[in-house]
Amino acid sequence: MKQNLDWNNLGFEVRETNAVIVSKFKDGVWSEPEVVKDLNMVLNVYSGVLHYANSCFEGLKAFRGVDGKVRLFRPDENARRMQRAGVFLDMAYPSEEMFVKMCLMCVKENLDFLPPYGYNASMYLRPLLIGSNPQLNLLTSTEVTFIVMGNPVGSYSGTASLTPVNAVICRDFDRAAPNGTGSYKLSANYAPSFRAYNRAHAAGYKEILFTDSLTHTKIDEFGSSNFFAIKGNSYVTPLSDSVLPSITNKSLQQLAADFGMRVEKRVVPVSELDEFSEVNACGTAVVITPIWNIVDKATIEDSAIIGNHVFGSKEVCGKTSAMLYNTIRGIQDGTVEDAHSWCITL
Ligand SMILES: Cc1ncc(COP(=O)(O)O)c(C=O)c1O
């Protein structure tokens, strides 16, 4: 089935694709991964995931390169991050080999939906691990289902890549508690932030910046992306137990070091914001979103502004950040040498 999709305007929406790949863990073993054509699955209404959020997920991308090859960007890193979450949830989780194999199977089964080279579009892969045995008791799941979905995506925000956006510091809601779950990609981490996002969007802010929930003086991360800034020749990113270890951030740090920049992974106080020339959110969905303005308020809906930090231009991404973006996108597209062997080809 050849798809007639408008590759230029895919956005970030769910599309009906050919198949998903499913494996189930029961009685101590994972079933052989299966190609499942029906995207609607039957789940017992007592499944732990539906009640207690016994669940974690991942997000990574597959790209069709300039040379026609299909590349997955660092799926081994996502596999290991899911394993960390699985250990935290005390749930069975796929081996790195099984995770990568199922991601590759998913791309293969949905090749018609993999955007061609040149549209700044890709296939977003969503591996999901859920507790699926019926349960009322508050316990970890004994039966687990692992599903890998693939979905063609373009621009996350509907704007051209590297379009700067504004952000607000969130002081009336905390994303992650000290010693909490912030550094794991648990499904339960996300729903609680949606209300804050709705309020921020209604107030005219695209992004929310979270600070440490104990003192609210140190930068953690944005709602679904890490924070990094450029200061002189340094790449600065927060060291915090509460942020998700972003694979994009890790890759950008390596590229910054390759370019001879100093990489500073350390506590970043909010009070340092005005010392940065470029500030960005980074993550798989967009790689880099330049942040041109961060507003600080007691609550998102407050009219009183207690801090207003402006970085570079409202129109264009900073030069260093754009260079890092182009390098990582080039590696994904096969136009820049993959010197660290990050991509796995189909
Ligand atoms: C809370 C949070 N931080 C950061 C990221 C970025 O991580 P990555 O670069 O691995 O996509 C994500 C997205 O996965 C996220 O949900």
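Biologist: How many residues does helix 6 have, and what distance does it reach from its first C-alpha to its last?
Modeller: This is a predicted model, and in it helix 6, residues 319–333, has 15 residues and reaches 21 Å from its first C-alpha to its last, which is close to the 21 Å expected at 1.5 Å a residue.

Biologist: Which residues of helix 6 are buried?
Modeller: The buried residues there are Ser321, Leu324, Tyr325, Thr327, Ile328, Ile331, Gln332 and Asp333. Just after helix 6 comes Gly334, which takes a positive phi of about 80°.

Biologist: Which residues other than glycine have a positive phi?
Modeller: Asp27 is one of them, with a positive phi of about 50° although it is not a glycine, and Ala53 is another, at about 60°. As background, most residues other than glycine have a negative phi.

Biologist: Where is Asp27 found, and is it buried or exposed?
Modeller: Asp27 is found in the loop between strand 1 and strand 2, and it counts as exposed because it has 6 C-beta neighbours inside 10 Å, the cut-off for exposed being 12 or fewer.

Biologist: And where does Ala53 lie?
Modeller: Ala53 lies in the loop between helix 1 (48–52) and strand 4 (55–57), and because it has 17 C-beta neighbours inside 10 Å it counts as partly exposed.

Biologist: New topic: what about helix 2, which residues are buried there?
Modeller: In helix 2, which covers residues 75–89, the buried residues are Pro75, Asn78, Ala79, Arg81, Met82, Ala85 and Leu89. Seen down the axis of helix 2, these buried residues fall within an arc of 165°, so they line one face of the helix.

Biologist: Why would residues a few places apart point the same way?
Modeller: An α-helix has 3.6 residues a turn, so residues three or four places apart point the same way.

Biologist: What follows helix 2?
Modeller: Helix 2 is followed by Asp90, whose phi is positive, near 60°.

Biologist: What about helix 3, which of its residues are buried, and what covers them?
Modeller: In helix 3, residues 96–109, the buried residues are Phe99, Met102, Cys103, Leu104, Cys106 and Val107. What covers them includes strand 1, strand 5, strand 6, helix 2, strand 7 and strand 8. The end C-alpha atoms of helix 3 are 20 Å apart, which agrees with the 20 Å that its 14 residues should span at 1.5 Å a residue.

Biologist: You mentioned strand 8, so how many of its residues are buried?
Modeller: Strand 8, residues 144–153, is mostly covered, with eight of its ten residues buried.

Biologist: How does strand 8 pair with strand 1 and with strand 7?
Modeller: Strand 1 and strand 8 run antiparallel and are joined by five bridges, and within this pairing Ser23 has Phe146 of strand 8 as its bridge partner. Strand 7, residues 122–131, also pairs with strand 8 in the antiparallel sense, over ten bridges, and there the bridge partner of Leu125 is Gly150.

Biologist: Last one: is Arg262 buried or exposed?
Modeller: Arg262, whose place is in strand 14, is exposed, because 12 other C-beta atoms lie within 10 Å. Leaving aside its neighbours within four places in sequence, Arg262 is in contact with Asn233 and Ser234.

Methods. Residues are numbered from 1 along each chain as its sequence is written. This is a predicted model: local features need pLDDT of at least 70, side-chain atom pairs count only at pLDDT 80 or more; totals for chains, interfaces and linings use all residues. A residue is buried if 20 or more other C-beta atoms lie within 10 Å of its own, exposed if 12 or fewer, and partly exposed in between; C-beta atoms are placed from the backbone. Helices (H or I, at least four residues) and strands (E, at least two) are DSSP runs, numbered from the N terminus. Two strands pair if DSSP finds at least two bridges between them. The expected span of a helix is 1.5 Å times one less than its number of residues. The arc is that of the directions from the helix axis to the C-beta atoms. Two residues are in contact if their C-beta atoms, placed from the backbone, lie within 7 Å.
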